[in-house]
Amino acid sequence: MMRSNIINIVSVLVGVCIGAIVNMAIILMGSSLIALPKGVDMTTDAGINAAMPLLEPKHFIMPFLAHAIGTFVAVYLATRFSKTKAIRIPIIIASIYLIGGIMEVMNLNAPLWFNVIDLLGAYFPMAFIAFKWAKRD
């Protein structure tokens, strides 16, 4: 029992870390796939907030995908390697990522439509899909 709890905790921690790496890789890769407006500095919160009026809907695709795919990868890996395959694992991970998303919404002046789509679509729905896929294997 104790061993399976430790494996579950390690699975969650490793999943969250790898999901965060995937998230950041997609964010960093995003500007090379979808060019940003000239003079935009996306390296700081102040730069991102200053750039918001210049961004088009296409510029929000990669951040959404980063959040959704990062969550998916984290939940899939944690569920796949956990001992219990319990729904609490995806709920914990999705909650961690959702809290991060809410913190970003509070820090950045992204459009309301993006905040709603991101917070409602990137975390718990992707966690549920990843959970279902991981349990199939």
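Hi everyone, let's start on helix α5, where Leu112 and Leu120 are exposed on one side. Exposed means over 50% relative accessible area, buried means under 20%, and partly exposed is in between, using a 1.4 Å probe and protein chains only. A helix here is a DSSP run of H or I with at least four residues, numbered from the N terminus.

Before going on, a word on the model. This is a predicted model, where local features need pLDDT of at least 70 and side-chain atom pairs count only at pLDDT 80 or more, while totals for chains, interfaces and linings use all residues. Residues are numbered from 1 along each chain as its sequence is written, and side-chain values use heavy atoms, with hydrogens and water left out.

Back to α5. Which residues of α5 are buried? They are Phe114, Asn115 and Asp118. These three cover an arc of only 100° around the axis, so they sit on the same side of α5; the arc is taken from the directions that run from the helix axis to the C-beta atoms. There is a handy rule behind this: an α-helix has 3.6 residues a turn, so residues three or four places apart point the same way. The cover over the buried residues of α5 includes α3 and α4.

Leu119 is also in α5. Leu119 counts as partly exposed because its relative accessibility is 22%. Leaving aside residues up to four places away in sequence, Leu119 touches Leu98, Gly101, Ile102 and Val105, where contact means heavy atoms within 4.5 Å. Leu119 and Asn5 are 114 residues apart along the chain, and their C-alpha atoms are separated by 29 Å.

Now the largest pocket. A pocket is an open set of points on a 1 Å grid over the protein atoms alone, with protein on both sides within 12 Å along at least five of seven lines, and a lining residue has an atom within 4 Å of a point. The volume of the largest pocket is about 950 Å³, counted as the space filled by probe spheres set on the points, which are joined across faces, edges and corners. Its lining has 35 residues, and the closest to the centre are Ile27, Ile48, Pro63, His67 and Leu108. Which helix gives the largest share of that lining? It is α1, with 8 residues.

Is Asn23 buried or exposed? Asn23 is buried, because its relative accessible area is 14%. Beyond residues up to four places away in sequence, Asn23 touches Ala66, His67 and Gly70.

Next, the cores. A nonpolar core is a set of buried Ala, Val, Leu, Ile, Met, Phe, Trp, Tyr and Cys residues joined through side-chain atoms within 4.5 Å. The largest one has 18 residues, and Ile93 is among those with the most contacts inside it. The elements giving two or more residues to this core are α1, α3, α4 and α6 (124-136). Another core, of 7 residues, lies apart from it, and Phe114 is one of its members.

Finally, two loop residues. Ile34 is in the loop between α1 and α2, and with a relative accessible area of 17% it is buried. Ile34 touches Lys58, His59, Ile61 and Met62, not counting residues up to four places away in sequence. Lys85 is in the loop between α3 and α4, and its phi is near 55°, a positive value in a residue other than glycine.

Conventions. 1 Å grid on protein atoms, 1.4 Å probe; cavity = no way out; pocket = protein on both sides within 12 Å on 5 of 7 lines; lining within 4 Å.
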